[in-house]
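Colleague: Could you walk me through this one slowly? I am still learning how to read such pictures.

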Amino acid sequence: MELTRENFKQEVATFKAGFKEDAFSIAEKSLTLEKKGNIGVISFDQYQEKANKLSTPNMLRLFELCLQIEQDKSIEAVVVISRKPTIFIAGADISEIQRLARGEATTESLMKLQAVFTFLESLSIPVIAAIHGACMGGGTELALACDYRMASDGPETKIALPEVLLGVLPGWGGTQRMPRLVGLEKSLDLILTGKSLDGKRAKKIGLVDKVVPVEFLEEKALAWAQDLARTKKKRSYETPLKDRLLESVPGGKWVIFDQAKKQVMKQTKGNYPAPLRIIETLRKTYGGDLEKGLKVEAKAFTDLVVTPESQCLIGIFYLQEKVKKDKGVEGKIAGKDIKRAGVVGAGVMGGGIAQLFAAKGTRVRMKDIQWDAVAKGYKAAHKIFQKLVDKKRMKPNELANAMERIEGSVDYSGFSHLDLVVEAVVESLEIKKKIFQELGEKVSSETILATNTSSLSISEIAKATKDPKRVVGMHFFNPVDKMPLVEVIRGRETSDEAVATVFQYAKKVGKTPIVVKDAPGFVVNRILGPYLNEAVYLLLEGVSPTRMDSVMEKFGMPMGPITLLDEVGLDVASKVSHVLHQAFGERMKPPSVIDLVAKEGRLGKKSGKGIYLHSNGKREEDSDILNKMGVKAVKEISDDEIIKRLTYVMVNEAARIVDEGLVRDVSDIDIGMIFGTGFAPFRGGLLRYADKVGPEVIVSELDILNKTLGERFQPCQYLQQLSIDGKKFYQEAKAT
Ligand SMILES: NC(=O)c1ccc[n+]([C@@H]2O[C@H](COP(=O)([O-])OP(=O)(O)OC[C@H]3O[C@@H](n4cnc5c(N)ncnc54)[C@H](O)[C@@H]3O)[C@@H](O)[C@H]2O)c1
């Protein structure tokens, strides 16, 4: 049965059965209708919550308000507005989507909610969405169902349809109304990437009609509503011709669809069903009847939401939510507020860290030993900002302001007032200790001292200071502006306050932190160690670099292991592999050819030659270096075996990390691998993947590899125990 004005009460009663008793009274408090003269104002202010979300109760409440508006003939136009400071509508309620994922999804029940927006759209009077703040998913779909959209010009305004990032598609009309409004090409771009637009960019593509300063948003929307009340002009879908050029030529639409599909396949290797289904949905429905289109969309949504890929992506969403609420420590310890920071070492990492801090409004003092090194750091920071300006994500004056927040020095002047210092000098324990000793004398007794070391012991570095409690690891990944992960490393003596400060500040600058204990390689590099070693062993057995990379890309890694080695640099990889070997013994022994390649001066992409030859952004295999490495004649190794060897060694190492209690939760390993290495998100992370394969399967495969290829595959105690107990990393009971 459809949701209509006639059966509304009955439908509410049916829905009520599935929700908490007070869900509807909360919805009544959250969505209200007020009359300002002849204008009806629907205000959204989710009761006792920070964010407005479109739950089923809220959707039904909206329907109820639309019914009231329909009956009140004194209302001649409507404005929909949020009362939250930085959120219009954050999207649908993900917990409801999860319920759908558990198989409670029916296309019919989704279509009932679609009918709410269709009803809003069909009101005989004009409706304006006045948007300020995050307008995501369902929020954008609501706005699309309005006749007009006015957005604020504030940086908080971000309009998007990000459902694809959860492995689904917009299910409340987004795939239907967006293309009608902005044309096919722009819609595909928005729906397939989930990217967000600020008010001005949204206006440029015709997604919003007007952009105004946030202070005047309501006033201007009401004034516009008055005008519309006079003219009674409902919207018409009029995509400007320039946005319809390609689709309007014969066969143009199919070219757009084919190009989109090619692009998706190239980026996802077919691992994600949602983008392909989005293209198919638009292919089937674009230019057709809205009602039929909505049905196709609802069916696609309910099919996608139960896929394992969507469940994994929703799982990652929840991991991120958990990080958002986390303070990095147990109890109520609050981190210090960081207003002024210092960075020691203005190299690749130091320059990137200074840029990041300055971009987020922190004043940064960057120290190196020589002025030309400081200048390099400046240049590196400027280059990152300039790219943002080029992409129109930043204004030139904002660039100038941000660069002004970075000050250079070759001594510790100005360091006495800093709240946080991050050391990022060369990877030498001796030099780092010297710097920490100096810092101990130059900064105030309150300053938190962090190191960006990728392999040295935090506790050891901390010994150089009088107050090791304030020393903590803050391990960024390269390139700092792009890589989301920060490992926050707790040394033996590190205080909760230091951990909390760095954890919370990492979040403030937009990163995803995990807290790990101090052990060689921490989490991510330690897990990558055996993976990269194994890649070189496979290479020596005759698996070509290109094949191995493509197998692992198909598996879901953003780049294959050989490309990763060349990106990291053979010199750096060699150094880290030796640290790990020394710490963990035989199982981490690196193939000696890594050193050989590095010694040849083939350092990877940065020197134009590594295992591959690099030029003009392209890579090419080089038989010369493969011969020198002693690569054997091609041996038959299946794709499946390549994947097993490369991934099971990672699982084995991750199991040891869990066993040693180095992370606070197994999910931290998945966060680390996804946000630090790009490990296949659609698989939910390394340990979700391991759970899916099953520890018992992995153990038996490792046993075989152990016998045939060597002890590096010996399954660790923890993994064996999981296998014996029939348990999984996430401690879910074994499915029977
Ligand atoms: N490059 C990476 O991929 C990466 C990733 C994560 C962590 N790290 C870690 O970050 C740190 C820096 O690495 P990088 O790649 O930026 O190195 P880099 O060689 O690019 O920069 C090091 C900088 O430190 C400066 N320096 C040396 N001694 C100094 C001193 N006494 N005082 C002030 N400055 C001094 C050098 O002049 C140079 O500018 C290392 O600990 C490294 O392990 C590197």
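**Ligand and domains**

Modeller: Let us begin at the ligand, where an oxygen atom of the ligand is 3.2 Å from an N or O atom in the side chain of N478; please keep in mind that this is a predicted model.

Colleague: And how much of the ligand's area does the protein bury?

Modeller: Taken alone, the ligand exposes 830 Å², and the protein buries 78% of that.

Colleague: Ok, which residues are the closest to the ligand?

Modeller: The ligand is surrounded by 21 residues, and the closest of these are M349, D368, E427, K432 and S454. For M349, a backbone N or O atom lies 2.8 Å from an oxygen atom of the ligand, and for V348 a backbone N or O atom lies 3.0 Å from an oxygen atom of the ligand.

Colleague: Switching topic, what domains does the protein have?

Modeller: The domain assignment gives domain 1 as residues 8-314, domain 2 as 340-518 and domain 3 as 525-725.

Colleague: How far apart are domain 1 and domain 3, and how many residues are in contact?

Modeller: Their C-alpha centres lie 43 Å apart, while seven residues of domain 1 are in contact with eight residues of domain 3. The area buried between domain 1 and domain 3 is about 670 Å², with carbon and sulfur atoms giving 60% of it.

Colleague: Which three residues of domain 1 supply more of its buried area there than any other three?

Modeller: Those are K269, N271 and C312, which together supply 64% of the area that domain 1 buries against domain 3.

Colleague: How many salt bridges are found across that interface?

Modeller: The rule finds one salt bridge between domain 1 and domain 3, and K269 forms a salt bridge with E553, in which the closest N and O atoms are 3.9 Å apart. By class, the side of domain 1 that touches domain 3 has four nonpolar, one polar and two charged residues.

Definitions and conventions:
Residues numbered from 1 in each chain as written. Predicted model: local features only at pLDDT ≥ 70, side-chain atom pairs only at ≥ 80, totals over all residues. Heavy atoms only, no water. Domains from an automatic or database assignment. Contact = heavy atoms within 4.5 Å. Buried area = accessible area lost by both parts, 1.4 Å probe. Salt bridge = Lys/Arg side-chain N within 4 Å of Asp/Glu carboxyl O. Nonpolar A, V, L, I, M, F, W, Y, C, P; charged D, E, K, R; others polar. Near = heavy atom within 4 Å. Polar contact = N/O pair within 3.5 Å; in protein donor to acceptor, adjacent residues only side chain to side chain. Areas by Shrake-Rupley, 256 points an atom, 1.4 Å probe, with all protein chains shown as cover.
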